[in-house]
Amino acid sequence: MQARSASDRLTLDRDQVERFRRDCVALTGAAPSLDNVLALAVSGGPDSLALLLLAHAAFPGAVIAATVDHGLRPEAVEEAALVRRLCNQLDVPHETLAGTVPAAGNLQQGARALRYALLADWAMGRAAWVATAHQQDDVAETFLMRARRGAGAGGLAAMAAARPLGPIQLIRPLLGWTRAELEALVEGAGIAPVRDPSNQDPRFDRARIRALLAEAGDLPADRLAAAARNLRDAEDALAWIADREWQARAVVAGGKVALDPAGLPRELRRRLAERAVATVREAHGLSPEWRETGLEPLLAALDSGGTGTLAEVIGRTKAAIWRFELAPPRRSH
């Protein structure tokens, strides 16, 4: 990654900088400043480099950056060093965050979980927000990846533009920008970005979907992203309604949940059952998140007046009320 001379301020198009400023402040509510710093996740790829250049131009002196080394590729050490050199040129404080992805499970999911955990720990006490460089084409790719797996509204919805990341806020100010315009911005600044080979590796779902979108003119990324944004609105509305119904219908006491599902559409019954399982788990010191996929069988059992178990929680129907509690330990034989 070669940049212009240190004396060159890497001047960007003024309209693009102002556009980024508006997009960012719409998520943060206030412009980043010395007292409210914006932290950036910068891998060295074109999207994250564009994020770095735009944030530096829009909020000079109020930006810090980090690069995550997942320990998966030996090249990552040099890539992080290249980002650090550019940050030094821009007078942006930079750190490399190193970790190890668990050997078991989905590699890319593990890398994503590690990345967010490291970023949250690093930013705590340093920044008010952490920004990532997800953009419109990422939204379109994710939409297709999840559609082919049969995802529902929540899975198909566009990633949230802002959400909690531990005690701070994660923001994605580039969701309205295309990959092409971000690459052009970086190229115009005279910088050669890092190219992650996994983005072209057909072993990974995203690489295959990216190749499909590049070849299929009748699958425009902007329209797919628009569909995902519409579903985000629908998902937010469903989450709001589900929260309201939870407050009205759920009774939580003694690590147990009693829930009245009468008259609710199936999707709301499903969401409330999922929340009940999470609530019981959390009350007993277990993680409220789990990776099991047995929610549909549990819902079918409850709807038929029966009993089902999911993630160490047993649910049963009694007098038209759903009751959830920690399942008794399994007997050893």
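**Exercise 1. What does the accessible surface of the chain come to, and what percentage of it belongs to carbon and sulfur atoms?**

Solution. The model is a predicted one, and its chain has an accessible surface of about 17300 Å². Of this surface, 52% belongs to carbon and sulfur atoms.

**Exercise 2. Describe the overall layout of the chain, from its secondary structure to its contacts and charges.**

Solution. Begin with the secondary structure, which comes to 11 helices and 11 strands. Next take the extent of the chain, whose C-alpha atoms fill a box of roughly 75 × 45 × 45 Å along the principal axes. Then turn to the contacts: among those between residues at least 6 apart in sequence, 69% join residues at least 24 apart. Finally, consider the charges, with 41 positive and 41 negative side chains in the chain, the centres of the two sets lying 6 Å apart.

**Exercise 3. Classify the aromatic pair formed by Phe 20 and Phe 59, and state which parts of the chain the pair ties together.**

Solution. The structure holds 1 aromatic pair, formed by Phe 20 and Phe 59 with 6.3 Å from centre to centre and 55° between the planes. Planes under 30 degrees apart would count as stacked and those over 60 as edge-to-face, so the pair of Phe 20 and Phe 59 is classed as tilted. As for location, Phe 20 belongs to helix α1 (residues 14-28), while Phe 59 sits in the loop between α2 (46-58) and β2 (63-69), and the pair therefore ties together parts that are 39 residues apart in sequence. Both Phe 20 and Phe 59 are buried.

**Exercise 4. Over the faces of which rings do Arg 19 and Arg 163 lie?**

Solution. Arg 19 lies over the face of Trp 177, at 3.7 Å from the ring centre. Arg 163, in turn, lies over the face of Tyr 116, at 5.1 Å from the ring centre.

Definitions and conventions. Residues are numbered from 1 along each chain as its sequence is written. This is a predicted model: local features need pLDDT of at least 70, side-chain atom pairs count only at pLDDT 80 or more; totals for chains, interfaces and linings use all residues. Side-chain values use heavy atoms; hydrogens and water are left out. Helices (H or I, at least four residues) and strands (E, at least two) are DSSP runs, numbered from the N terminus. Contact means heavy atoms within 4.5 Å. Accessible areas come from the Shrake-Rupley method with a 1.4 Å probe; for residues, only the protein chains shown count as cover. Lys and Arg count as positive and Asp and Glu as negative; His and the chain ends are not counted. The place of a charge is taken as NZ of Lys, CZ of Arg, CG of Asp or CD of Glu. Rings of Phe, Tyr and Trp (its six-membered ring) pair if their centres lie within 6.5 Å; planes under 30 degrees apart count as stacked, over 60 as edge-to-face and the rest as tilted. Buried means under 20% relative accessible area, exposed over 50%, partly exposed in between (1.4 Å probe, protein chains only). A charge sits over a ring if NZ of Lys or CZ of Arg is within 6 Å of the ring centre and within 35 degrees of the ring normal.
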